[in-house]
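Me: Could you take me through the pockets and the charged side-chain pairs of this model?

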Amino acid sequence: MNAPTSPGEAHPRQKAELQAQLVQALSAFLPAHTLLWHSEDTTPYECDGLTAYRQRPLLVALPETQEQVAAVLKTCHAHNVPVVARGAGTGLSGGAMPHAMGVTLSLARFSKILKMDVRSRTAVVQCGVRNLAISEAAAPLGLYYAPDPSSQIACTIGGNVAENSGGVHCLKYGLTLHNVLKIKGFTMEGDPITFGSDALDTPGYDLLSLVVGSEGMLAVITEVTVKLIPKPQLARCIMASFDDIRKAGDAVAAVIAAGIIPAGLEMMDKPMTAAVEDYVHAGYDLNAEAILLCESDGTPEEVEEEIGRMPTCCASMAPPPLR
């Protein structure tokens, strides 16, 4: 957001002068402990999960209120300084990569679950709430939040919205986009903005679909209303082994063509299977050129029916060992 007209490398003196101006301007409304600009303090923010690319920002702001977020954006806009919003920094796409002449806006302190509504099966959470924390809070209600990226123990819902995160179960339950009803945040000028609504549909243009996955380029997200779904009664997983990776891929197509939408459908080639087995000791077939993990969840009857049909789909490609 707020990309400068000339993003080239600035002279050290120019950089120091701009940093001093911003520190003075932001200190007018940010407490001292929420503003970092010394190199030893900004180094932890120099990259996200894509560690091959690193760049320390001019400074890091850690606002604690909505008003402070708006004020940071307004101040940076007035100084024509770019702002990069940051969640937990677990992303692998470089979405939180700092700008050398910009401000990193860390939203980690927005970590409250504001509301759980069992009747509407929704939760209103701040952007810094961890993905897994939503499901943990909803568990006593018999509900959970479906998108489950591999970093769900640490990644935040704000980052999930910015990247449109998915996970193993996105085949059946959809991506972040399909599990969000409303988003609140701020424009680059610091004006409040809302996308979507509490209803299942919103009049006018579908701007919610536009902002989800926009990587912070359209708005800084501060609050999200997510959908919750009932926890399945049962979940089972089968493994199919193949002597050729193409046959495993064809088996995936066969499962979908049969009208089966598994809760999870993951394929691993031989080197990946060996790497995973060395860590989890799940008993995977290390002699297979590829394995396919097919998961079914739902009622016991649904699971039994799907699990009963999956081996036929896999065996149609070549008779593989099944477990």
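This is a predicted model: local features need pLDDT of at least 70, side-chain atom pairs count only at pLDDT 80 or more; totals for chains, interfaces and linings use all residues.

Me: What volume does the largest pocket have?
Reply: The largest pocket holds about 530 Å³ of space. A pocket here is an open set of points on a 1 Å grid over the protein atoms alone where a 1.4 Å probe fits, with protein on both sides within 12 Å along at least five of seven lines, and lining residues have an atom within 4 Å of a point. Points are joined across faces, edges and corners, and the volume is the space filled by probe spheres set on them.

Me: Which residues lie nearest its centre?
Reply: Of the 31 residues in the lining of the largest pocket, T90, G91, G159, N160 and E163 lie nearest its centre. The largest share, five residues, comes from α5, and both β3 (83–86) and α5 (157–163) supply at least two residues; helices (H or I, at least four residues) and strands (E, at least two) are DSSP runs numbered from the N terminus.

Me: And the second largest pocket, what lines that?
Reply: That pocket has a volume of about 310 Å³, and among its 20 lining residues G196, D201, T202, D206 and L208 are the closest to its centre. Two or more lining residues come from each of β8 (180–186), β9 (192–196) and α7 (207–211).

Me: Switching topic, how many salt bridges are there?
Reply: The count comes to 10 salt bridges, taking one as a side-chain nitrogen of Lys or Arg within 4 Å of a carboxyl oxygen of Asp or Glu. One of them joins K184 to E223, with the closest N and O atoms 3.9 Å apart. K184 lies in strand β8 and E223 in strand β10 (residues 220–227), so this pair ties together parts that are 39 residues apart in sequence.

Me: Is E223 buried or exposed?
Reply: E223 is buried, at 14% relative accessible area, whereas K184 is partly exposed at 33%; buried means under 20%, exposed over 50% and partly exposed in between, with a 1.4 Å probe and protein chains only.

Me: What about D243 and K247?
Reply: Their side chains meet in a salt bridge at 3.1 Å, N to O. D243 counts as exposed at 54% relative accessibility, while K247 is partly exposed at 26%.

Key. Residues are numbered from 1 along each chain as its sequence is written. Side-chain values use heavy atoms; hydrogens and water are left out.
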